[in-house]
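The report that follows describes one protein chain, moving from its overall make-up to selected elements and residues. The sequence and the model come first.

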Amino acid sequence: MPQPSGSTNAGDPGPSADYAIIAERNMTYPQQVWWLLACVIGSIAIAHVLSWLYATRCTQRPPVGAGGKQDTEGHGASYPRRFSWSRLPVALANYFKVVAFRNTVDLGENISVTFAETWLTIGYIVALFTWLFINTTDASGSALNWQYWSGRAGSLAVSQFPLITALGTKNSVLAYITGISYDKLNFMHRMTSRVVFILLWIATTPSESFQSLFLRLGLMAITAFTVLIIVSYRSIRARFYELFFFSHFALVLIMLLGAYFHAKQVTPLTYYIWPSLLVWAVDRFLRLLRVVYYNNFFLSGRTPPQGTKATLELLSPSFVRLRVARPPQLKWTPGQAAFLIVPSVSRIPIEAHPFTIAGVDSRYRVGMGRKAMPSAGDSRVTLCDSQGFAMGGDPDWEELEFMINVRDGFTKRLARAAEDGEKVKVLVDGPYGFSPNLREDDTVVLVAGGSGISLVLSTFLGLISDVRASKSKCRRVVFVWSIRDAKQLEWISTTLADALAMAPAEFDVSVRIFITSGSKNLTGNLRRLADGPSSPEPQSGRDTPVDDVVEMLSSFDAVQITPGRPELSKMLKSEISAAAGRLSVTVCGSQAIVKSCREALRIPFMSFMYGGPSVTLHVESFGYA
């Protein structure tokens, strides 16, 4: 920020008058920006509360038998559609969701952002640059005086540090205020960081006095921020995640400390920086407390902590299953994630990686299916074979299971350890994220691609548990899983069969599994099953574990195993046309699967006016935004 260079003659509206105006506006304009941000965050919070109230208090289910008839093909109920002006508020709310969250802007092949994210990004940029360049005419009448906007750019940038930090933490207070999960807030974290990065470079002006501590500290801070922006670039972050992880931790600390002592030299803007350090430190402290509490460090008495023994299984060259026993104090809801710290596999012992928990805890127990029901002290329901009720014979422990997609870096080393039969110890930090509330939905559609089954199957188990306990209004669930190889059915066959066996008779369940490769042998086996036991059984390719799994699952009327790719658009539109009340779609898969679901759910406005269902979309997409 420029400093006064001396006094002027009386009555001269020159440097002294300019510096007074500059100093005053550099303080007040960031405050005005924060008032705008507070209004936006408050509006999102109010909308979140109103949506929750509407879902829990105001939803009216169509009476069973009141003009509705059951579709004999198992596609749900068909209800008459009549136009009504009374549906206008609901129609407007639903169509806003269609426009904001199901229309996207594609940025390359693998990156797409919703209209809502686009609006927020444009609005944020416009707001900051409006406050940057307004009222930049100096006392002598010269417009866009650089001394007005260069120092102001630095003030505006520094004022956004608390927002950037709060958006990037795992225990973000903004997540609880807005109801938006930390992983989705991460998009805004990256966006605001890049805008502030530009502002900081605008504030950087050539100087001949780089020997001063003030400028050297500022240069240190902006250099650290520049390197951080580079390593945070999507392709670098995806390929060299460990580099990003370590550098992010160190460079953020260097940047904040450098910015603090830089600003302290000439301005009182440090009150925007120390809260950022505080938010960052509190988040790290809370994560440390979670690790200590959930991994029984107080009871183990080990220093340093060793972690809990975990079992690794290489399911295929692309997938690893990790199972770890856990203390009873760790509870989670379906769809939540946890960070895993595996010191023997990680390059640095504190390195943590997030994965979705593939199962439910004791509160969502649906029983052990065809096995005997466990006692009150036993509570494991995961994707593993249901053999025994606890690992190591300890009835006080449940099991956490993770289906891990093998990529480069940590996951590749984990796959190598699984292939070599190594035993590893794991520290668990979690759970994190919010589970979609499906209890108020009449129809639920769950769509998974590949390892997205971790989220979808745990959600399926939780939904069946809620229906059995009369905690859910849901009357129909559609489970869709697209996989490459029929061998992947073995991952979930036992748990899926147990869940289907425990589903209430009046609960309409449809399981659609699509196998995209090796369809020739699969088609023959499915044709044999459809013809019945009297048909001649081929001798080759019959007695394999995969055939047994296919036959076991196909014995359920609710299960359809089909070669080829799912026609998601056709399936979703069919469910919408047959549904009444509330319908939700939860999807976890590739960008292509998510895109297909979004396109299918771009429902016309008049559909809601004619009594179409209220539709909610929950997305957990692979990759990086």
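The accessible surface of the chain comes to about 29,700 Å², and 59% of that area belongs to carbon and sulfur atoms. The model is a predicted one, and the values given here are to be read with that in mind. Of the 625 residues of the chain, 50% count as buried. The chain holds 20 helices and 18 strands.

On the surface, a nonpolar patch is formed by Tyr271, Trp274, Leu278, Val282, Phe285, Leu286, Leu288 and Leu289, which together have about 740 Å² of accessible area. One of these residues, Tyr271, lies in helix 11, which covers residues 270-294. Tyr271 is itself partly exposed, because its relative accessible area of 33% falls between the limits of 20% for buried and 50% for exposed residues. After helix 11 comes Asn296, a residue whose phi is positive, near 60°.

For helix 4, which covers residues 146-159, the same kind of check applies: its 14 residues should span 20 Å at 1.5 Å a residue, and the end C-alpha atoms are 20 Å apart, which agrees. Because 11 of the 14 residues of helix 4 are buried, this helix is largely enclosed by the rest of the structure. Its buried residues include Tyr148, Arg152, Leu156 and Val158, as well as Gly151 and Gly154. At the start of helix 4, a side-chain oxygen of Asn145 reaches to within 2.8 Å of the backbone nitrogen of Gln147.

The loop between helix 3 (115-133) and helix 4 contains Asn135, and Leu144 also has its place in the loop between these two helices. Asn135 has a positive phi of about 55° although it is not a glycine, and Leu144 likewise has a positive phi, near 50°, in a residue other than glycine. With a relative accessible area of 43%, Asn135 is partly exposed, whereas Leu144, at 52% relative accessibility, counts as exposed.

Arg321 is found in strand 6, which covers residues 319-326. This arginine is buried, because its relative accessible area is 8%, which is under the 20% limit. The side chain of Arg321 makes a polar contact with the side chain of Glu401, at 3.4 Å. In strand 12 (residues 424-432) lies Pro431, and the peptide bond leading from Gly430 to Pro431 is cis, with omega near 0°.

Ser554 belongs to helix 17, which covers residues 545-554. The C-alpha atoms of Ser554 and Ala497 are separated by 9.9 Å, although the two residues are 57 residues apart along the chain.

| Residue | Relative accessible area | Class |
|---|---|---|
| Tyr271 | 33% | partly exposed |
| Ser554 | 27% | partly exposed |
| Arg321 | 8% | buried |
| Asn135 | 43% | partly exposed |
| Leu144 | 52% | exposed |

Key: Residues are numbered from 1 along each chain as its sequence is written. This is a predicted model: local features need pLDDT of at least 70, side-chain atom pairs count only at pLDDT 80 or more; totals for chains, interfaces and linings use all residues. Side-chain values use heavy atoms; hydrogens and water are left out. Patches are made of residues with over 30% relative accessible area and no salt bridge: like charges are joined within 9 Å, nonpolar side chains (Val, Leu, Ile, Met, Phe, Trp, Tyr) within 5 Å. Accessible areas come from the Shrake-Rupley method with a 1.4 Å probe; for residues, only the protein chains shown count as cover. A salt bridge is a side-chain nitrogen of Lys or Arg within 4 Å of a carboxyl oxygen of Asp or Glu. Helices (H or I, at least four residues) and strands (E, at least two) are DSSP runs, numbered from the N terminus. Buried means under 20% relative accessible area, exposed over 50%, partly exposed in between (1.4 Å probe, protein chains only). A polar contact is a pair of N or O atoms within 3.5 Å; within protein, one must be able to donate a hydrogen and the other to accept it, and residues adjacent in sequence count only if both atoms are side-chain atoms. The expected span of a helix is 1.5 Å times one less than its number of residues.
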